[in-house]
Structures are given as C-alpha cells and as structure tokens.
Amino acid sequence: MIDRQSVSACLAKLEKLVDTHCINGTTWPIICRVMLPISLDPKQWPNWLSVQSVVPQLYWQQREQTLTVAALGSADTLKDMGLVSELTAGVEKRLASTVIGDGIPRYWGGVGFDQTQPWQNFPGALFFLPSLSLEAQGGQQHLILQTYLEHADQWPIKRLALRKLVSGLRWSLPRQPSLPHYVHCHDEPNAEGWQQQVKASLKAIKQRSCDKVVLSRRRRLIFNHSVSPWQLLNIWQTSRPHLSYPFCLCLQPGEGVVGCSPEQLFSLKNRALTTEALAGSMPRSADAERDAQCSNALLSSAKLQRENQWVVKFIQQQLAPLVKQLALGQLNVKSLPYIHHLFQSVSAQLLSDTTVADILRALHPTPAVKGFPAHSAQQIIRDQETYPRGWYAGALGYWGNNQAEFCVTIRSAHVHRTVSNRGVDSKMQPGNAVHYLVDLFSGAGLVEGSEADLEWQELDQKLSQFMEYMQHAATDNAIAQL
Ligand SMILES: C=C(O[C@H]1C=CC=C(C(=O)O)[C@@H]1O)C(=O)O
C-alpha cells in the first residue's frame with residue numbers, strides 16, 4: 001500500500017540526504033532521489049493522478065508493459081526554448097548532474113508535432129523531472145521522490161514546495177464521474193474540404209515537389225459538462241488495443257493530451273536502438289475471410305507499400321551518420337481492433353558519440369505523420385491544415401542517461417476548455433460560458449495513387465474506434481445510474 005505515513009518517511013529520507021550534501025557536498029548541480037517499495041495496482045494510477053491538484057500530471061505505459069509511470073509535480077522543467085536543439089541540450093546537461101540516492105533519474109515529456117504551431121496553454125516542447133512518481137518495472141513498484149538543485153541556496157524553497165506537494169496529496173479514490181454525452185460534433189476539414197486538400201496535395205506530389213504528405217482531420221466534440229482527460233484515458237485503457245502506449249499529460253488540472261498509440265518513435269537501451277515504420281492502412285472486417293483479405297492486400301498493394309517505404313527510407317537516411325549495423329525487420333502487418341497497418345522494425349547500434357538528443361532530433365517527426373521529403377511535406381501541411389496540431393503526432397516518453405523511449409502521439413485527443421459569452425450553436429445553453437472541448441485527431445498518408453474518398457474512410461476508421469468506445473462508456477454510465 002501507499003499512504004501518507006510512508007510518503008512522509010520517504011520525504012524525511014530525501015531531506016536528510018540533501019541536508020547532508022548541502023553541508024558536505026562539493027559537486028553541483030545535483031539530482032537527489034529516494035525510492036520506496038509500494039504495492040498499489042498500476043491500474044489505479046490514472047485514477048490516483050486524476051484526484052491530485054498538482055501539475056504536471058503524467059501517465060505513460062510502455063507498449064509491452066515493461067514500464068508504467070504516474071508522475072506528479074515537477075522538480076525541474078525545461079520547456080519551449082524556441083529550438084528543440086536548445087531544449088534537448090538542456091536535458092542532456094541536467095542528466096549529467098551528480099545523482100545522489102537511489103536509482104537512475106529520467107526526464108519525462110516530449111515535443112509537439114511542429115514547435116512553431118503549439119496549442120494554447122501547451123508549450124511546443126517540454127521535459128520535466130517529476131517531484132513524485134510511481135513506477136512499475138520488472139515486477140516491482142516504487143514511489144520516488146526527487147529534487148534538482150543547482151546550488152544549496154535553492155533548497156529551502158524547493159523543500160517547502162515538496163512538503164506542500166506531499167501534504168496536499170489526496171488518498172481516497174472516488175469513482176470517476178460519468179462521461180457526459182457531447183452536444184456538438186464538428187469536423188475540420190469536413191468531407192468537402194478534405195477533397196480540396198487532397199487535390200492540392202496530390203497536385204504537389206504529381207509535380208514531384210513531394211513524395212508523400214500526411215494530412216489530418218480534427219473532430220471537435222463539445223460538451224456542456226466537464227470532461228477530464230483521465231476519463232478518456234480510462235476508456236482507451238479498458239478497450240486497449242494489444243501492444244499500444246496509453247498516455248495522458250496534463251499541464252493544467254483537467255486539461256491535457258491523452259491517447260493510446262500503437263506507434264513507437266524509438267527505444268534506446270544502452271547503445272541498442274529500435275525504431276519502426278508504421279504506415280499504410282486497411283480496415284478490419286468482422287468477417288474472418290474478408291479480414292484476412294484486407295491484411296493480405298496490405299502486403300501486396302504497391303501504393304500502400306510506398307506509404308511505408310518513404311518512412312523506411314527517411315529512417316535510413318537520418319540514422320546513417322549516427323549508427324552502425326542498421327538492420328531492417330521483415331515487412332509485416334500489425335492488426336489493431338479496427339485497422340491493419342503495415343509495419344517494419346528497424347534496429348541499430350549507436351556510434352560512440354551519438355546521443356539521445358541526436359536520435360530524437362533526427363527521427364521526429366517521421367514521414368508516418370508528416371511526409372517525405374520533410375520540408376515540402378511541412379509546407380503542404382501548413383498551407384492546407386487550418387488548426388495547430390500541437391501534441392497530436394508529437395513524441396512523448398522518457399529520457400535518461402543512455403536510455404530513452406518515446407511513442408508517437410497519434411490516436412490522441414486534446415482535452416481543454418474555452419470560455420465565451422455566446423453559445424457555440426443553438427443546442428448550447430445561452431448563458432453557458434464554459435465549453436468543454438475534446439479535439440480528436442486522425443491523419444492519413446497521401447502518395448501517388450491515393451483517393452480522397454478512401455482516405456476519408458480511413459480517417460473515419462481511426463476515429464470510429466474512439467467514438468465507439470466513448471459511446472459505450474457514456475451508455476454504460478447512464479445504465480449504471482439507473
Ligand atoms: C497519422 C496517423 O497514422 C499514421 C500511422 C499509421 C498509419 C498511417 C496511415 O496509414 O496513413 C499513418 O501514417 C494517425 O493515426 O493519425
């Protein structure tokens with residue numbers, strides 16, 4: 001179990017360690033951390049985070065479930081800084097700090113799709129060292145408290161903040177409130193707008209200014225009642241597709257990015273790197289024979305293979321100066337509950353002077369979410385899309401010394417709210433000033449031979465998974481309340 005007493009004991013241990021270093025220590029900056037074994041079912045962690053008032057709040061689970069984290073509060077945050085290269089250099093510098101105490105520190109966070117197009121109240125990129133985290137790894141669970149100090153002078157303020165965080169923790173886990181029904185649904189672009197965007201993109205592809213571009217659609221659901229990202233995470237997790245990363249990052253209470261992604265950006269353990277090309281899709285069918293045909297069609301369609309091969313080509317090009325022994329896995333099909341994808345794994349060994357930052361900058365974003373070549377695809381996306389992608393199609397995960405893993409934040413939503421003095425449409429109550437918004441995103445890769453109607457259906461397919469889960473959850477809640 002985890003309770004107030006054990007966390008207080010853990011804090012006392014951390015304070016003692018830091019006090020001793022402040023008196024005797026000579027090396028600065030330091031990361032000081034203590035770990036306490038706990039037993040609290042990780043399935044409860046999102047619920048536990050949802051009742052806390054401190055931010056940031058992060059939940060992230062590794063695709064094979066080898067690591068789960070619930071992180072709360074920040075001992076050190078790096079965000080925005082214009083260039084991702086500056087931010088990543090900052091994280092590397094932090095990780096070179098002297099570590100005092102137990103285990104190996106990890107910074108958590110990531111980068112949005114295009115840092116020049118952030119969401120409101122959400123920086124383009126952010127990494128933080130959690131003040132408090134729960135981590136499950138190798139069959140063990142720990143509570144971890146951490147602080148980062150550039151000098152002893154910072155300790156009194158940071159100690160106070162930690163004490164405040166620990167004393168403000170909430171321990172009772174109420175039932176999640178029921179999920180309301182949305183009152184309005186709006187697609188951007190709509191089906192007609194999509195036709196125009198695809199036409200313009202295919203023209204650029206035909207003129208050879210681009211080989212592939214990934215365009216997206218935003219479905220905005222508007223609610224009259226509060227919706228929390230944690231409710232959505234619950235839905236995604238209960239109906240979790242095999243081998244996906246469930247994640248939720250809130251930078252303000254009740255607002256954040258949430259999703260369940262099948263795609264890994266990369267994983268790095270010591271010097272061994274794995275990454276993948278996940279692109280090219282076919283719908284699933286309830287009929288087993290038809291479903292097998294769809295899956296086989298992925299492996300025989302030249303157009304779908306092109307979609308995937310631009311990603312492979314990009315990965316090979318970008319990694320060439322940074323790795324040795326690059327090897328491609330077999331082209332395969334990854335089947336999720338609603339959709340099949342073409343999938344090819346890539347593995348390599350880092351060269352001796354290659355860093356995590358080099359790999360992150362080289363790979364993100366891949367043509368699975370952007371296109372190829374990157375610059376012209378970016379231009380088309382900027383010309384055609386009418387909203388910022390923010391952290392949709394970004395990268396989210398952890399970064400430690402010689403260790404990192406990031407998922408690509410697709411199959412995701414931005415949960416936020418707006419305040420206005422007008423209703424959004426006639427169904428909204430006139431005096432209802434706060435609108436709760438769930439922006440769902442889905443994207444589709446366009447190459448020579450793509451058809452706007454089929455790509456629109458693919459976007460539907462990707463959205464339908466979530467829409468169905470949500471419908472079920474709202475109905476189940478309504479029944480439970482009878
Ligand atoms: C960009 C998305 O999916 C990517 C990943 C798998 C298959 C894709 C496709 O077939 O277009 C996309 O490249 C998304 O789901 O929003």
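## Helices 7 and 8

Helix 7 and helix 8 sit roughly perpendicular to each other (a label for angles of 65 to 115 degrees; under 35 is roughly parallel, over 145 roughly antiparallel, and the rest oblique). Helix 7 covers residues 288–300 and helix 8 covers residues 302–319, and they pack at about 65 degrees with axes 6 Å apart. Those axes are lines fitted to C-alpha atoms, for helices over the stretch in contact, and the angles run from 0 to 180 degrees between N-to-C directions. Helices (H or I, at least four residues) and strands (E, at least two) are DSSP runs numbered from the N terminus.

Who touches whom here? On the helix 7 side we have A297, L298, L299 and S300, and they meet A302, L304 and Q305 of helix 8 (contact being heavy atoms within 4.5 Å). Sorted by class, that contact has five nonpolar residues, two polar ones and no charged ones.

## About the model

Keep in mind that this is a predicted model: local features need pLDDT of at least 70, side-chain atom pairs count only at pLDDT 80 or more, and totals for chains, interfaces and linings use all residues. Numbering starts from 1 along each chain as its sequence is written, and side-chain values use heavy atoms, with hydrogens and water left out.

## Around the ligand

The ligand is surrounded by 17 residues, and the closest are S281, A368, Y392, R411 and G443 (a residue counts if one of its heavy atoms lies within 4 Å). S281 also has a side-chain N or O atom 2.5 Å from a ligand oxygen. For E458, the side-chain N or O to ligand oxygen distance is 3.1 Å, and for K462 it is 3.4 Å. The cut-off for such polar contacts is a pair of N or O atoms within 3.5 Å.

On its own the ligand has 390 Å² of accessible area, and the protein covers 100% of it (Shrake-Rupley method, 1.4 Å probe).

Most residues other than glycine have a negative phi, and most peptide bonds are trans. The bond from V55 to P56 is cis, with omega near -5 degrees; P56 is in the loop between helix 2 (45–50) and strand 2 (57–61). F372 and P373 are also joined by a cis peptide bond, with omega about -10 degrees, and P373 is in the loop between strand 17 (371–372) and helix 10 (374–384).

Then there's R208, a non-glycine residue with a positive phi, near 65 degrees. R208 lies in the loop between helix 5 (191–206) and strand 9 (212–223).

Note on methods. Nonpolar A, V, L, I, M, F, W, Y, C, P; charged D, E, K, R; others polar. Polar contact = N/O pair within 3.5 Å; in protein donor to acceptor, adjacent residues only side chain to side chain.
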